[in-house]
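Please look over the sequence and the model shown below before reading on.

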Amino acid sequence: MKIAILPGDGIGPEIVAQAVKVLDVLKQDGLKIEMEYGNIGGAGYDAEGDPFPESTLKLSQAADAVLLGAVGGPQYDTLDRPLRPERGLLRIRKELNLFANLRPALLYPELASASTLKPEVVSGLDIMIVRELTGGLYFGQPRGIEVRNGERVGFNTMIYSESEVRRVAQVAFGIAMKRGKRLCSVEKANVLECSELWKEVVADVAKGYPEVSLSTLYVDNAAMQLVRNPKQFDVIVTSNLFGDILSDEASMLSGSIGMLPSASLDENNKGMYEPIHGSAPDIAGKDLANPLATILSVAMMFKYTFNDEGTAERIDNAVKKAIAQGYRTGDIWTEGCKRVSCGAMGDAVVAAL
Ligand code: IPM
Ligand code: MG
């Protein structure tokens, strides 16, 4: 199992270090894991003048899976757009063809009070958001800022081909089959042609999955339903931009954005694994960040890329145990729990492992 480790920026290195502790334990226990480090984001720009250096592309292509921390920081915001950290992240997704982004939102019972929503609304929550990751508004051409009629205009293109919708829908239906067999496709077909096509293609793919009940929601309604009654959802499939927004929203249901892992897969289940949160420059280097989303991303890596459900469960259970024992980083801390640092949370998970 060759894993490329890309810590990135801000809290990236701290949280990835905790996940590496977990991988080291698994290695000691006999799993054949090889880890190699590379630069991405601002770290790539600082070290090699590029947010996604050639060396990192090669390393990631040669690896079976990639573990990524986070990218971005205020010191890079004034760089030319192609040199910005976020562009590095978008390029690695595109280069590795990681079109299916799986973002589970799951509530650990002990964290019900850490959510800003009422415990009865979120308890028992278990949603999987499947976000299309290499198309749509994020990548559509033309895009740019230019002068028209004497003033500047900014423009992007929302575009999906049938094949792009079909492959991500197939992944989502496949996941629904292994879960509650309910899939909700989220779009804005009442306004956007791009969504109209999306809706048609998803309905066509549904014919191959008669056991899955398919529903559709407009994205504005979906955003509302997610906070009104989130437990109505099993699997959600949606486009790149809508998935970006809805997955941040869904993260708050689970108490903290610091809890949510993600997997980004190509058609052979090669994948990149990263927490869904960002680089949190305000707390970077202070040993305060929550490493659980990154550790849970490693669990997803074993489940989806290495087909090792046993190890995935072992990691999940270690996280559950650390939470049950009362360990909390600041973002999920509530009265009566043990407030710990990023490093100490990593140690608690390792001990539970
Ligand atoms: C995410 C992030 C990224 C995105 C940013 C950092 C480019 O918000 O992974 O959700 O928009 O996809
Ligand atoms: Mg996002």
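The model is predicted, so local features are given only at pLDDT of at least 70 and side-chain atom pairs only at pLDDT 80 or more, whereas totals for chains, interfaces and linings use all residues. Residues are numbered from 1 along each chain as its sequence is written, chains are lettered from A and ligands numbered from 1 in the order in which they are written, and side-chain values use heavy atoms, with hydrogens and water left out.

Around ligand 1 stand E86, L89, R93, R103, R131, Y138 and D244, a residue being counted if one of its heavy atoms lies within 4 Å of the ligand. Helix 4 (residues 85-95) gives the largest share of this shell, three residues; helices (H or I, at least four residues) and strands (E, at least two) are DSSP runs numbered from the N terminus. By class the shell holds two nonpolar, no polar and five charged residues, where Ala, Val, Leu, Ile, Met, Phe, Trp, Tyr, Cys and Pro count as nonpolar, Asp, Glu, Lys and Arg as charged, and the others, Gly among them, as polar.

| Side chain | Ligand atom | Distance |
|---|---|---|
| R103 | oxygen of ligand 1 | 2.8 Å |
| R131 | oxygen of ligand 1 | 2.9 Å |
| D244 | oxygen of ligand 1 | 2.9 Å |

Taken alone, ligand 1 exposes 320 Å², of which the protein buries 77%, the areas coming from the Shrake-Rupley method with a 1.4 Å probe.

Elsewhere, the axes of helix 11 (residues 309-324) and helix 12 (residues 342-352) come within 8 Å and cross at roughly 120°, the axes being lines fitted to C-alpha atoms over the stretch in contact and the angles running from 0 to 180 degrees between N-to-C directions. At this crossing A318, V319, K321 and A322 of helix 11 meet A348, V349 and A352 of helix 12, with contact taken as heavy atoms within 4.5 Å. Six of the residues in this contact are nonpolar, none is polar and one is charged.

In the loop between strand 5 (126-132) and strand 6 (144-148) lies P142, and the peptide bond from Q141 to P142 is cis, with omega near 0°.

Terms used:
A polar contact is a pair of N or O atoms within 3.5 Å; within protein, one must be able to donate a hydrogen and the other to accept it, and residues adjacent in sequence count only if both atoms are side-chain atoms.
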